[in-house]
Amino acid sequence: MTASKMKTQVKWHNYPPSTLADERCVKLLAKEFIAHNTILLTFEKPKDLQYKAGQYAILSLNNPRYTELDMPLRPLSMVSHPDEDTLQFAMRLSDSSFKKSVVEMAIADTATIFAPMGNFTLKGKNKRIVFLASGIGITPVLPMLKTLVQQQFAGEVVVFYSNKTEASAAFHSDLQHSTLANYTYLPVFTATQKRLNTDFLKEHLHTLTDCDYYIVGTNSFTKAMQELLLKENVPATTIFKDDFGG
């Protein structure tokens with residue numbers, strides 16, 4: 001059929017715009033600085049999103065202000081607990097286009113959430129749980145601690161949290177006030193203290209081989225902590241690492 005015949009013989013319908021919405025697309029509700037060079041983002045929670053404490057999401061900005069030499073998305077641990085009504089992410093800032101775009105996001109700007117992802121979740125093997133975290137790697141630990149509170153976990157829980165300074169320690173106040181029955185929080189500020197090492201762990205844990213270890217932070221920190229534990233004959237089956245390296 002020629003174009004002219006189509007114009008005269010075909011009955012065209014005016015269909016309304018699609019009412020289908022991508023439920024992964026959510027609005028920014030709040031943003032705040034929570035530590036030096038560290039921002040907390042609060043988004044709407046995608047409908048029917050279910051995840052486990054410790055898992056992560058891909059946060060994709062729908063209208064990034066900057067795009068030079070960067071992708072508008074990042075893998076980020078979910079700071080909020082699965083039972084909460086909003087979805088939160090925290091990140092260190094930098095000069096990347098993605099993070100500069102995050103800083104300039106306005107309330108009600110949108111992002112798309114791809115989740116859940118990852119296997120960095122509570123395993124429930126031993127009655128002693130040790131978290132070894134550095135920097136913004138603390139983010140998945142927050143909802144994991146809340147899950148342990150919900151479970152009324154009575155075993156020993158120890159959080160070692162390494163930062164350069166107290167000012168750069170995200171969620172420092174929250175971590176000091178857990179309601180867990182047998183909880184110890186041990187911040188390490190490397191500007192004035194030694195880095196986490198075997199002696200420091202033994203001083204506070206006494207024995208190292210009867211714990212489940214959850215390690216999260218930079219790749220170099222994660223590798224160093226794993227090597228330290230293996231050297232002390234900690235079974236590899238009780239060492240769990242952040243599995244996306246974000």
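What covers the buried residues of H6? The legends below come to this after an overview.

**View 1. The whole chain, a predicted model.** The protein chain has six helices and 11 strands, where helices (H or I, at least four residues) and strands (E, at least two) are DSSP runs numbered from the N terminus. This is a predicted model in which local features need pLDDT of at least 70 and side-chain atom pairs count only at pLDDT 80 or more, while totals for chains, interfaces and linings use all residues. Residues are numbered from 1 along each chain as its sequence is written, and side-chain values use heavy atoms, with hydrogens and water left out. Of the 246 residues in the protein chain, 46% are buried, a word that stands for under 20% relative accessible area, whereas exposed stands for over 50% and partly exposed for what lies in between (1.4 Å probe, protein chains only).

**View 2. The largest nonpolar core.** A nonpolar core is a set of buried Ala, Val, Leu, Ile, Met, Phe, Trp, Tyr and Cys residues joined through side-chain atoms within 4.5 Å. The largest one has 31 residues, of which Phe131, Ile138, Leu145, Val157 and Tyr161 touch the most other members. At least two residues of this core come from each of strand S7 (128-134), helix H3 (141-150), strand S8 (156-163), strand S9 (183-189) and strand S10 (212-216), and the largest share, five residues, comes from H3. Domain 1 (24-117) and domain 2 (128-243) each give this core at least three residues; these domain bounds come from an automatic or database domain assignment. Apart from this core lies another, of 21 residues, among them Leu41, Ala57, Leu76 and Phe98.

**View 3. The surroundings of Val157.** If its neighbours within four places in sequence are left aside, Val157 is in contact (heavy atoms within 4.5 Å) with Ile129, Phe131, Leu145, Leu148, Leu180, Asn182, Tyr183 and Thr184.

**View 4. Helix H6 and its cover.** The 13 residues of helix H6 (residues 219-231) should span 18 Å at 1.5 Å a residue, and this agrees with its end C-alpha atoms, which are 18 Å apart; the expected span is 1.5 Å times one less than the number of residues. The buried residues of H6 are Phe221, Thr222, Met225, Leu228 and Leu229. They cover an arc of only 130° around the axis, which puts them on the same side of H6, the arc being that of the directions from the helix axis to the C-beta atoms. Their cover includes S7, S8, helix H5 (198-205), S10 and strand S11 (239-241). The face turned away from the buried side of H6 carries the exposed residues Asn219, Ser220, Lys223 and Lys231.

**View 5. His81 in its loop.** His81 lies in the loop between strand S4 (73-77) and strand S5 (86-92), and His81 counts as buried because its relative accessibility is 6%. Leaving aside neighbours within four places in sequence, His81 is in contact with Tyr51, Pro143, Lys146, Thr147 and Gln150.

**View 6. Backbone details at Pro116, Asp48 and Leu69.** Ala115 and Pro116 are joined by a cis peptide bond, with omega about 0°, and Pro116 lies in strand S6 (residues 110-117). Although Asp48 is not a glycine, its phi is positive, at about 70°; Asp48 is placed in the loop between strand S2 (38-44) and strand S3 (56-61). Leu69, which is not a glycine either, has a positive phi of about 50°, and Leu69 counts as exposed because its relative accessibility is 90%.
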